[in-house]
Amino acid sequence: MLLRDFGHGDILLLIYATRWTIALSLIAFAGGGLFGFAFTILRILPIRLLNYLSSAYIQIIQGTPLLLQLFVVFFGLAILGWDVSAWTAAAVALIAYTSAFLAEIWRGCIQAIPKPQWEASSSLGLGIFQLLWYVIMPQAIKISIPPTVGFLVQVIKGTALTSVIGFVELTRTAQLINNVTLEPFAVYSVIAVIYFSLCFPLTSLSRRLERRLNVSSAN
Amino acid sequence: MSLVQIEKVYKKFGDLQVLEDISLNVEEGQQIAIIGRSGSGKSTLLRCINGLEPINQGNIHVDGDLVNGQKTNLKLLRQKVGIVFQSYNLFPHLTVERNITLAPTVVKKFALADARALAHEVLRQVGLEDKIDSYPDQLSGGQQQRVAIARSLAMQPKVMLFDEITSALDPELIGEVLKVLEYLAQQGMTMILVTHEMGFAQRVADRVVFMHEGRIWESGPPEQLFASPETPELDSFIRAIL
């Protein structure tokens with residue numbers, strides 16, 4: 001058995017692998033944001049069928065583990081004859097996961113805008129999209145920033161699960177290095193520091209935004 | 001046909017009958033005051049006139065258009081019916097000017113320059129031209145309510161609905177809002193007001209409608225209604241208020 005010591009080279013490898021974690025997170029943010037927005041709109045339009053479909057999607061994704069979603073996409077699509085790479089499967093599953101949670105967060109923010117604002121704007125003759133765009137969303141976006149940023153931390157940590165379908169990001173790289181060094185404590189401590197340094201700026205940003213929002217809404 | 005024509009309207013909230021057999025015609029240029037205890041259905045009636053609340057039975061026409069029809073274009077209807085609420089409901093993220101120009105530009109497709117000129121004009125009418133660049137939270141309640149009236153005026157409605165618009169105001173701010181209403185009445189604006197300001201109703205309204213338990217209990221010219229109420233309900237209401 002070929003064993004080697006955990007050294008500087010390995011740390012570099014881990015830092016190098018971090019870019020895949022970052023890339024996957026960015027894809028999940030972007031794709032999840034896009035679809036999440038679409039599901040938010042479907043959820044609040046005054047069309048029952050669309051509300052139900054969107055809400056069913058959100059419930060299913062929120063009610064199942066991300067790990068399971070990864071399996072379903074990776075193995076399920078293969079059974080259906082679509083051979084998806086670990087990359088694609090990871091991206092699809094994370095986008096689905098992110099979109100469902102963002103849709104629920106954003107729906108809450110939109111519906112938190114007091115009903116009189118909806119009534120005042122529709123009484124002026126604004127249609128549903130016009131009033132969402134000009135009146136409701138500008139106010140909802142402001143209150144949605146802290147919980148949105150907070151949730152992105154969950155997404156970054158969620159990317160670690162993609163290691164189980166063989167996507168070589170930070171956690172998977174750590175596993176591989178551990179296989180040849182057998183120094184789990186050192187290896188996993190290093191990636192813990194890396195994850196923390198990715199997430200901490202976001203959590204503190206979220207907290208700061210929340211504080212600022214509280215101050216300004218108190219006026 | 002009257003500008004606003006309400007025929008045999010019934011409305012329920014669940015099991016509660018909030019409007020019962022309401023019929024009321026409002027001619028162009030008339031000012032109607034609706035009075036009554038809270039829970040008598042007066043605000044609900046007002047909200048039915050611009051389609052904010054659906055009705056269960058009967059018909060409401062505004063300027064010849066059916067409000068409660070399946071195919072009613074509420075967007076178009078609401079351009080003819082302005083409403084001002086008790087809680088002002090200005091858009092807090094927009095300046096006074098943008099609060100006013102939003103609907104004309106977005107709904108009526110006015111050019112921004114025209115809408116701005118319009119904003120100046122309506123703000124002049126409510127005496128707040130100098131506040132055009134302010135945000136709502138920089139204004140007093142009375143000023144916010146006057147901006148809300150200006151915002152509604154900018155859509156050049158055929159009839160304006162006022163839903164207890166002075167009830168949320170400090171007593172010393174009520175006067176400035178009533179003054180604007182009186183000015184509009186003098187200009188010949190068709191108005192339906194739900195109000196607790198009996199003195200004002202008496203001074204400005206052509207006709208006063210007393211609602212009780214979801215019905216129009218009594219109605220008539222203010223001097224007659226206030227001086228010699230026919231029903232004990234109106235009598236006790238007037239005594240309680242004065």
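1. Let us start with a term: a salt bridge is a side-chain nitrogen of Lys or Arg within 4 Å of a carboxyl oxygen of Asp or Glu. One such pair joins E119(A) to R47(B), with their closest N and O atoms 2.7 Å apart. As background, side chains of opposite charge can pair when their charged atoms come close.

2. A word on what you are looking at. This is a predicted model, in which local features need pLDDT of at least 70 and side-chain atom pairs count only at pLDDT 80 or more, while totals for chains, interfaces and linings use all residues. Residues are numbered from 1 along each chain as its sequence is written, chains are lettered from A and ligands numbered from 1 in the order in which they are written, and side-chain values use heavy atoms, leaving out hydrogens and water.

3. Chain A has eight helices and zero strands (helices are DSSP runs of H or I with at least four residues, strands are runs of E with at least two, numbered from the N terminus). Its C-alpha trace spans about 75 × 50 × 20 Å along the principal axes. Of the 219 residues in chain A, 47% are buried (buried means under 20% relative accessible area, exposed over 50%, partly exposed in between, with a 1.4 Å probe and protein chains only).

4. Is L12(A) buried or exposed? L12(A) counts as exposed because its relative accessibility is 58%. You will find L12(A) in helix α1 (residues 8-44) of chain A.

5. Now back to the pair between the chains. R47(B) sits in helix α1 (residues 42-49) of chain B, and E119(A) in helix α5 of chain A. R47(B) counts as buried at 13% relative accessibility, and E119(A) counts as buried at 12%. E119(A) also forms a salt bridge with K115(A), the closest N and O atoms being 3.6 Å apart. K115(A) and E119(A) are four residues apart in helix α5 (residues 115-123), so about one helical turn separates them. K115(A), at 58% relative accessibility, counts as exposed. A network of salt bridges links K115(A), E119(A), K11(B), R47(B) and E53(B).

6. How many residues of chain B are in contact with chain A? The count is 23 residues of chain B, in contact with 16 residues of chain A (contact means heavy atoms within 4.5 Å). About 1,700 Å² is buried between the two chains, and carbon and sulfur atoms give 62% of that area (buried area is the accessible area, with a 1.4 Å probe, that two parts lose on being put together, summed over both). Between chain B and chain A the count is one salt bridge.

7. Look next at the nonpolar residues. The largest nonpolar core has 51 residues, and those touching the most other members are L126(A), V4(B), I6(B), V62(B), V159(B), L161(B) and I192(B) (a nonpolar core is a set of buried Ala, Val, Leu, Ile, Met, Phe, Trp, Tyr and Cys residues joined through side-chain atoms within 4.5 Å). Helix α6 (residues 128-158) of chain A gives the most to this core, with six residues. Another core, of 48 residues, lies apart from it, with Y88(B), I100(B), F162(B) and A201(B) among its members.

8. Finally, a pair within chain B: E121(B) and R124(B) form a salt bridge, with the closest N and O atoms 3.1 Å apart. They are three residues apart in helix α4 (residues 112-125), so about one helical turn separates them. E121(B) is partly exposed at 32% relative accessible area, and R124(B) is partly exposed at 45%.
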